[in-house]
Amino acid sequence: MDRPSVSIIVINFNGKKHLVACLTSLLAQRYPSNALDIIVVDNASLDGSCDLIRQQFPSIRLIENRENLGFAPAVNQAVRLSQAQYVALINNDAKADPDWIAQLVAEIEAHRAEKVIAVGAKMLDWEGQQIDFIQAALNIFGHGNQPFTRMPAASVLVQAGPQLFACGGAMLADRAAFLAIGGFDESYFAYFEDVDFGWRAWLLGYQVRFTPAAVVYHRQHATANTMGGHQIRSLLERNALRTIIKHYADEQLWRILPAALLLIIQRSLLDGAGGFDRKEFDLRLRNQGDQTSTMQVPKIMLSYIAALGDVIDGWDALWAERQRIQQLRQRSDAELFKLFEQPFGLIDIDIQLHMQQQTMVESFKLRELMPHPTTNVLIISIDPLQAALAGPAIRSVQIAKQLSQHCKVVLAAPDRADLTIANVQTIAFPSNDGTSLGELALNAEVIIVQGYSLQKYPQLLNAERILVVDLYDPFHFEALELAERRGMSLERAIAVNDASVEAISEQLALGDFFICASERQRDLWLGALTVSKRITPEHYRNDPTLRKLIDLVPFGLPNEPPQATKPVMRGVIDGIKHDDVIALWGGGIWEWLDPLTIIRAMAKLQQSHPQLKLVFMGGQHPNSHDVGVMQRYTEAVDLAKELGLYAKTVFFNQTWVEYDQRVNYLLEADLGVSAHHNHTETRFAFRTRLLDYIWASLPMIVSAGDSLADVVQQEQLGQVVAIEDVQGWVAALAHAADTRANREQRQAQFAQVQQAYTWQQACAPLIEFCRQPQYAADKRRNVKAQSKQAGHTSMRYRMDELDRVVAEKNEHIAHLEQHIKAMENGKVMRLLKWATRLRKG
C-alpha cells in the first residue's frame with residue numbers, strides 16, 4: 001500500500017554547524033523515499049550554510065531567501081511550495097530517530113476521523129538523556145511552557161494523547177488543513193507560533209495530538225543563543241499578548257487582558273531594577289532627585305515596552321484576525337482550559353512577580369473562569385514509591401490521591417516511582433541529585449515537603465514557589481531517641497540534634513502553610529512558629545484561630561472497606577494454626593518503640609495461653625538506604641530466641657509487607673498491638689499503624705501516652721496499658737485471648753471513628769489551601785520591604801545577564817571549534833598566516 005507523501009521542512013539561519021547531523025538523519029528515515037522530500041528554507045545565512053547543502057546534500061530542495069523572514073513566515077513559504085499530504089517540521093539543530101516520520105504518520109492516520117490536524121514528537125537532548133519536550137502547557141496570560149524539560153528521560157512516562165499544541169521543533173501537520181486555518185501567524189517571526197497555531201486549531205474544531213513513539217534529539221537553545229536576551233523577551237511578551245487577544249471569547253478576554261497588561265509592566269519594572277531607580281519619579285523626593293532629562297536603563301526593561309508598541313502598531317490586523325477566529329469558533333474556552341495544563345503557571349523565578357501574579361489572579365477572580373483543576377502541586381516523597389511502602393511514602397501517595405481530585409498533581413520520589421495512581425503523574429528523580437527536583441519545582445505553584453527534603457535538595461527553593469511543610473513526623477525527637485538507643489557520644493548526639501533543629505528551623509522560616517497530625521502536635525508547632533517570629537499580626541488579623549497558617553492533616557483511612565485476598569498467617573506460617581489467637585504488630589520495629597515488653601509478656605503467657613501468637617508484620621524499613629538498620633529489630637529477635645519463643649509463639653516477618661497486602665494480615669488477626677517507651681517522641685507521635693487497626697475494625701492493646709492511645713480509650717476500641725508494664729500486658733493479652741469476639745460484633749464501635757479518619761476528611765484543610773494557594777502574609781510583607789531596598793535586581797535580570805555571558809562564551813567556543821576543524825583539514829598554514837596578520841595589527 002502506498003504511504004502518504006511527506007515534506008520535511010527545515011528552517012535555517014546561520015546553522016551550518018548543525019546541518020550535517022540534521023539532514024543526514026532525515027535522509028536516513030525508514031520511510032519510502034518516493035513519498036518523502038526534504039525542503040530547507042535558508043533565511044539569508046552568512047555562514048556558508050547554502051554552499052554546504054548544495055555540495056553535500058544535492059538531493060535536498062533548497063530555498064534561499066534574501067532576508068531573514070523569521071521562522072513562521074519561512075514555514076508557511078515551504079508549506080505552500082510543498083505538494084505532499086503532510087508536512088513535518090524539525091529544528092535545524094536537531095536530528096531525527098530513523099522511525100520519526102513513520103511514527104508521526106501512523107499517529108495522525110489513526111486519528112483522521114477525529115480531525116487531528118497535527119501531531120507532536122518527543123524531543124530529547126542531543127544525547128537522549130534529558131527531556132526537551134513531552135508535554136504542552138499554557139498559562140492564561142499566553143505564555144507557553146514545556147513541563148519536565150531537563151528531567152531524566154526515563155523518569156517521566158507519557159502516553160500518546162491530545163495536547164493543546166505540538167512543539168514546532170518536531171511536528172507533523174496535515175498540509176491542506178494547516179493552510180486552511182491560516183498556517184503559522186507570520187507576524188510572530190519566532191516563538192509561540194506553535195502555541196498560537198494549536199490553540200487556533202482547537203478553537204476551529206480540529207485536534208492536536210502527541211506521540212512519544214516519534215523521537216528527535218535536540219541541541220537545546222543552540223539557535224536561541226545567537227539572539228540577544230532583550231530581543232527574545234520582546235518576542236515572547238508580544239506574541240503571548242497577541243495570542244490571548246486573538247483567541248479568548250469576550251467574557252474571558254476582558255477579565256484576563258487587564259491583568260496581563262499590568263503584569264507586563266510589572267515585569268518590565270522589575271527587570272529594570274538593576275539600572276532604573278523609580279525614586280527619580282517620586283515628586284515627594286523632587287529636591288533630592290537628578291533633574292537631568294535622560295537616564296540609562298537596561299535593554300531588557302525596554303523589551304516589554306517594545307513588545308506593547310508592536311502590538312499597538314499592528315492592532316488593525318490583529319483585531320481583524322481576532323474577529324475572523326471568533327466567527328469561526330467551534331469550541332468554548334471552558335472546553336479548552338482543561339488542555340492548558342498550567343493555567344496559573346509562573347513564567348519567572350522572581351518571588352515578587354509570583355506574588356504580583358497571585359494578586360492579579362485574586363483581584364480579577366480569574367480562577368473562577370476555570371471549570372477544571374487549576375493548581376499545579378508538586379509533592380516530594382522522602383521514600384521511593386514501590387510495592388513496599390512505609391509511613392512517609394504512604395502519606396505522600398494518599399495525599400496525592402486526594403489532591404488529584406482538585407489539582408494537577410506530580411508526585412516525585414527518590415530513585416523509584418513504580419506506582420500507578422489515577423490522575424497523578426509519578427516521577428522518579430535521582431536521590432543523589434536535586435537538579436531534577438529543581439526543574440520540577442519550576443512547573444509547580446505549590447510544593448509539599450516533609451522530613452529533610454529542603455535540606456537534602458536545596459534546589460527546590462530556587463523556584464520561590466508556595467511551600468507547604470508537612471510536620472506530621474517530629475523527626476527531631478526521633479533523632480534524640482536514636483542517639484540514646486544507639487549509645488552515641490554526647491558530641492555526636494549534639495551534632496545530630498543540631499542538624500535536626502536546623503532543618504526544622506529552616507522549614508518554619510520558609511513555609512507558607514503548615515500541616516501536622518494532631519492537636520497535640522499543633523500546639524508544639526504553634527510554639528515553634530511563635531519563637532520563629534512567624535505568628536504575626538497579619539496572620540492573626542486574617543484568622544485568629546491561625547488555622548489558615550497551620551492546620552491538621554492526620555493520617556487517614558481508605559474510603560473502601562478492607563477485603564481479604566489470600567491467607568497469609570493461619571496455616572501459612574509454620575507454627576500458627578487456624579484456631580490460634582493472633583496479636584499483630586502492624587508496622588516496623590523502630591528504635592523508639594517497645595516490642596520487648598510485649599515479648600516478655602508473651603513469655604509469661606506461653607504455658608497458660610499456648611494458642612496466643614504474636615506476629616511482627618514489618619521487618620527492616622524498605623528505604624534502608626536512608627533510614628538504616630534498626631537495632632531494635634535485632635534486639636526483639638534476640639529476646640524472642642533467648643526466651644524460647646522464636647518461631648513458636650513469636651514470629652517475625654523478615655521482609656516488608658507490600659502496602660496492598662497489609663489488609664490480609666489485618667483481617668486475619670484477632671487484635672492489634674503497639675507499645676513504646678516514655679519519652680518526648682511518644683507524646684507527639686501519631687502511630688499510623690493504629691489507624692490500620694481502626695480501618696480493619698481490629699480491637700487493640702496499646703501503650704498509653706500518644707494521641708491515638710487517647711482515641712482508643714475514649715472510643716473503647718481496646719485496652720490501654722501503662723508504659724513498660726509487663727504485667728499489664730500479660731493481663732490485657734490474656735483477657736483478649738479468653739474473650740475473642742467475631743469481627744462483625746466490632747463494627748459498630750469502630751464505624752464512627754472510621755468515618756472521622758477517612759483520607760478525604762483528613763486532607764480537607766490541605767485541599768482548601770491548594771485550591772486557592774497563597775504566600776504567607778508575613779512573607780509578602782518581607783518581600784515588599786526587600787524590593788524597596790536600593791540596588792534590588794530581579795532574579796530574571798541576573799539570569800539574562802548570565803545568559804548573555806554564556807552566549808558570548810558559546811560564540812567564542814564555536815569560533816575556536818571552527819579553527820580547530822580547519823587545522824584538522826590540513827589548513828595549518830592558512831591559520832598561521834592569519835595569526836601572523838593579527839600580531840602585526
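In strand E19, Asp551 is the bridge partner of Ile515. Strands here are DSSP runs of E with at least two residues, helices are runs of H or I with at least four residues, and both are numbered from the N terminus. The model is a predicted one, in which local features need pLDDT of at least 70 and side-chain atom pairs count only at pLDDT 80 or more, while totals for chains, interfaces and linings use all residues. Residues are numbered from 1 along each chain as its sequence is written, and side-chain values use heavy atoms, with hydrogens and water left out.

**The chain as a whole**

- The secondary structure of the chain comes to 33 helices and 25 strands.
- Of its 841 residues, 56% count as buried, where buried means under 20% relative accessible area, exposed means over 50%, and partly exposed lies in between (1.4 Å probe, protein chains only).
- The chain exposes about 37,000 Å², of which carbon and sulfur atoms supply 51%; such areas come from the Shrake-Rupley method with a 1.4 Å probe, and for residues only the protein chains shown count as cover.
- Among the contacts in the chain with a separation of 6 or more, 77% are between residues 24 or more positions apart, a contact being heavy atoms within 4.5 Å.

**The sheet that contains E19**

- An open sheet of 7 strands, paired in the parallel sense, runs in the order E15-E14-E13-E16-E17-E18-E19; two strands pair if DSSP finds at least two bridges between them.
- Its edge strands are E15 (424–429) and E19 (550–552), each of which pairs on one side only.
- Neighbouring strands of this sheet are turned by 20° against each other on average, direction ignored; axes are lines fitted to C-alpha atoms, for helices over the stretch in contact, and angles run from 0 to 180 degrees between N-to-C directions.
- Strand E18 (residues 513–516) is joined to E19 in the parallel sense over 3 bridges.
- Helix H30 (residues 764–771) lies across E13 (376–380), E16 (446–450), E17 (466–470), E18 and E19, and its direction makes an angle of about 165° with E18.

**The sheet that contains E20 and E23**

- In another open sheet, 6 strands with parallel pairing follow the order E22-E21-E20-E23-E24-E25.
- E22 (650–652) and E25 (718–721) stand at the edges with a single partner strand each, so one side of each is left without a neighbour in the sheet.
- Strand E20 (residues 581–585) pairs with strand E23 (residues 671–674) in the parallel sense over 3 bridges, and in E23 the bridge partner of Leu584 is Gly672.
- Helix H27 (residues 726–738) lies across E20, E21 (612–616), E23, E24 (700–703) and E25, running at about 170° to E24.

**Nonpolar cores**

- The largest nonpolar core has 148 residues, and those with the most contacts inside it are Val6, Ile8, Leu23, Leu26, Ile90, Trp100 and Leu378; such a core is a set of buried Ala, Val, Leu, Ile, Met, Phe, Trp, Tyr and Cys residues joined through side-chain atoms within 4.5 Å.
- Apart from that core lies another, of 72 residues, which includes Met355, Val568, Ile576 and Val615.
- Leaving aside neighbours within four places in sequence, Leu26 is in contact with Ile8, Val10, Leu36, Ile38, Ile90, Ala96 and Trp100.

- Helix H6 (residues 193–203) has 11 of its 11 residues buried, so it is largely enclosed by the rest of the structure; Gly205, which follows H6, has a positive phi near 100°.
- Trp759, placed in helix H29 (residues 759–762), is buried at a relative accessible area of 2%.
- Beyond its neighbours within four places in sequence, Trp759 has contacts that include Arg395, Gln398, Pro554 and Phe555, and its C-alpha atom is separated by 9.1 Å from that of Lys401, 358 residues apart along the chain.
- Glu681 belongs to helix H24 (residues 680–684) and counts as buried at 3% relative accessibility; neighbours within four places in sequence aside, Glu681 is in contact with Phe477, Glu478, Trp592 and Arg687.
- Cys22 is buried with a relative accessible area of 0%, and Cys167 counts as buried at 9%.
- The structure holds 0 disulfides, a disulfide being a pair of cysteine sulfur atoms within 2.5 Å.
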